[in-house]
Amino acid sequence: MTVLSTDGLCFAVGHHALLDHVSFTLEAGEKVGVIGRNGSGKSSFLKILAGVVQADDGLLSIQNGLNVVYVPQEPEFDHSMTVFDAVSAGLGEVRELLRDYHRLSAALAQTPDDEALLKRLHELQNAIEAQDGWQADAAVARVLSDSGLPEGAIIAELSGGQKKRVALARALVQKPDVLLLDEPTNHLDVGAIAELEKNLNAFSGSLMVITHDRQFLDNVVSRIVELDRGNLVSFDGNFARYREQKDAQLAVEAEHDRLFDKFHAQEEAWIRRGIEARRTRNQGRVKRLEQLRRERSARRERQGQVTLQLTRGDAGGKIVAELEHAAFAYGDQTIIRDFSAIIERGDKIGLIGPNGIGKTTFLRLVLGEIAPTAGKVRLGSRHAVAYFDQMRSALDDTQTVFRTIGEGNDFVDVGGRKRHVMSYLGDFLFPPERARSPVSALSGGERNRLLLAKLFTRPANILVLDEPTNDLDIDTQEVLENLLQEYDGTVFLVSHDRRFLDNVITSSIVFEGSGSLKEYVGGFNDYLDAVAREERLRAQTAAPPKPADKPQPVAKVRKNRPDKLSFNEQRELAALPDAIAALEAEQADLQHKLLDPEVFKQDYQAAAAWQVRIAQIEEELLAKLERWEALEART
């Protein structure tokens, strides 16, 4: 059943049409991912569906009584509110009753004999019961518990990620029929994203979500709609399925445009022939050419691809940093406890852990900005660091885009050659008119592209990237991935984008809490696999021994005489030592290969297959050792 639809929807900003006669339907219970380039109009489309923005033309149809809840990219709150007040804000009159009830309950705990308070509390209980408010109160308590947010905390004291969780919790307690989310994973850590995926998969209503998180799209949505050059194109399935269909569509489109352009060129050549051709000109053919010209003029070319190029500095020393039982603490708060590691040139390290756990402190430690409170940190030589800050503090909102890059000059040095600032900005999809705009007028994705452009003009052998994918569209993310894979310097990547981590890093440093850090080889999924193996081994070690089977009575027992093995069992026992030795040798060889970080750059799929084989060998060894022990016991 269709719950929401549009027909011929149009919306433009200035002369640029973001929505060009868009038609769309949303079915009950459907989960749709909305993707597209930065600035293509995705947020405007969602705002029109939510009734926040009015379309220029077209029809929007919404089922009667439908509860549509919209969560913007940057949620707005009264910063003096508590978390409970903010989450329950969508409950209407019930919210005021519940707020008064919670406030009076707290007051009554201080003065339990106050008759007036008791009377008022009883009145509130009756009013809440009459409006079925206790279910709403339970829903608020449940989402607060799931999100780990303290209900009494003040909004002004929360981080960006916590505010986003409050906004999502407020939306869910309203029991929407249609939930519209704009970039819900921005500022959320991996654990919070996983919790959000779980809640959205359990959500029974219809969902539309704008996100550039490819793993999130694969895990949550059942349909992808792409806003491309003013048109909305639908693809069944998750992001992986969309990618297959999109590649096929682009190939067809490119062939169609090639044939069209060829025919158009032939007709243009015909119309420009000499006097003789003009005398015998076919008027129908002339009209057809005029139509071809109109179609060619109306055709909106696919937006260009971002071109990224790093300015590499001095290679520096082989060792970036060596940590030996390093620790760091702020007073009584331990951030890092007894951590040892060697970070070499060319390593691409992902820092994984919840917000506020100490990733920035670790970076400052290995870059020499702070000294350890215990242990040793030895730094390498000739560090040239380029830092991408997720807060974009390197950007001045009062400056133009052009001046931000040129810093008063018309040319910049990129990759050892001079480039005009306007040409260089074109590589990052900033047209000349946009290059003259102030930074304050840029969207989130454009600000990220500008910061990357500024960052890449600086020679660097160490890149520190703090949430570089926030607001970046998928195409730009993939270009950045390719650039980092080929970069021969050292990369420290702080990101909650699991797919981006998998495609870039060669090892992970995981912050497990209470100052505990642990290093894992490979990408994000390799870390998850390693943790799962560790948990299985712990479970096997901790499991109580199985009770011995009750021995069966034996008719005649001959003492001090071993149980005779069959011929096949004797052969099996003789072969087991060689089989075990072969497995151990294979395992050692694979582990030695995985110690080389170059493996993950040159053939990541092979490295992943080796890790799977190592786990299989571990299981085979256990089985063969148990069999050997059983056969030996019988002899």
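This is a predicted model: local features need pLDDT of at least 70, side-chain atom pairs count only at pLDDT 80 or more; totals for chains, interfaces and linings use all residues.

Trainee: Which residues are closest to the centre of the largest cavity?
Mentor: T185, N186, T469, N470 and D497. They belong to a lining of 16 residues.

Trainee: And how many of the lining residues are nonpolar, polar or charged?
Mentor: Three are nonpolar, eight are polar and five are charged.

Trainee: How many cavities of 30 Å³ or more does the search find?
Mentor: Two, and that search covers the whole structure.

Trainee: How does anyone find empty space like that?
Mentor: A probe the size of a water molecule is rolled over the atoms, and that shows where space is left empty.

Trainee: OK, zooming out. How many helices and strands are there?
Mentor: The protein has 22 helices and 20 strands. It has 635 residues, and 45% of them are buried.

Trainee: What share of the contacts is between residues 24 or more positions apart?
Mentor: 68%, counting contacts in the protein with a separation of 6 or more.

Trainee: Which residues of α3 are buried?
Mentor: V94, R95, L97, L98, Y101, L104 and L108.

Trainee: What covers them?
Mentor: The cover includes α2 (83-87), α4 (115-130) and α5 (133-147).

Trainee: And α1, which residues are buried there?
Mentor: In helix α1, residues 42-50, the buried ones are K42, S44, F45, L46, I48 and L49. Just after α1 comes G51, with a positive phi of about 80 degrees.

Trainee: Strands now. Why is β19 called largely enclosed?
Mentor: Strand β19 covers residues 507-513, and five of its seven residues are buried, so the rest of the structure largely encloses it.

Trainee: Which way do β12 and β19 run, parallel or antiparallel?
Mentor: Parallel, with four bridges joining β12 (residues 348-352) to β19. I352 has V510 in β19 as its bridge partner.

Trainee: What about β19 and β20, parallel or antiparallel?
Mentor: Antiparallel, over six bridges, with β20 at residues 516-521. Here I509 has E519 in β20 as its bridge partner. β19 and β20 form a hairpin with two residues between the strands. In that hairpin, S514 takes a positive phi near 60 degrees.

Trainee: How do β15 and β16 run, parallel or antiparallel?
Mentor: Antiparallel, with four bridges between β15 (residues 411-414) and β16 (residues 417-420). V412 stands opposite R419 in β16. They make a hairpin with two residues between them, and G415 in the turn has a positive phi of about 60 degrees.

Trainee: Is H21 buried or exposed?
Mentor: Exposed, with a relative accessible area of 54%. The cut-off for exposed is over 50%.

Trainee: Last one. Where does R382 lie?
Mentor: In the loop between β13 (374-379) and β14 (385-388). R382 is another residue other than glycine with a positive phi, near 55 degrees.

Conventions. Residues are numbered from 1 along each chain as its sequence is written. Side-chain values use heavy atoms; hydrogens and water are left out. On a 1 Å grid over the protein atoms alone, a cavity is a set of points where a 1.4 Å probe fits but cannot get out, and a pocket is an open set with protein on both sides within 12 Å along at least five of seven lines; lining residues have an atom within 4 Å of a point. Grid points are joined across faces, edges and corners, and a volume is the space filled by probe spheres set on the points. Ala, Val, Leu, Ile, Met, Phe, Trp, Tyr, Cys and Pro count as nonpolar, Asp, Glu, Lys and Arg as charged, and the others, Gly among them, as polar. Buried means under 20% relative accessible area, exposed over 50%, partly exposed in between (1.4 Å probe, protein chains only). Contact means heavy atoms within 4.5 Å. Two strands pair if DSSP finds at least two bridges between them.
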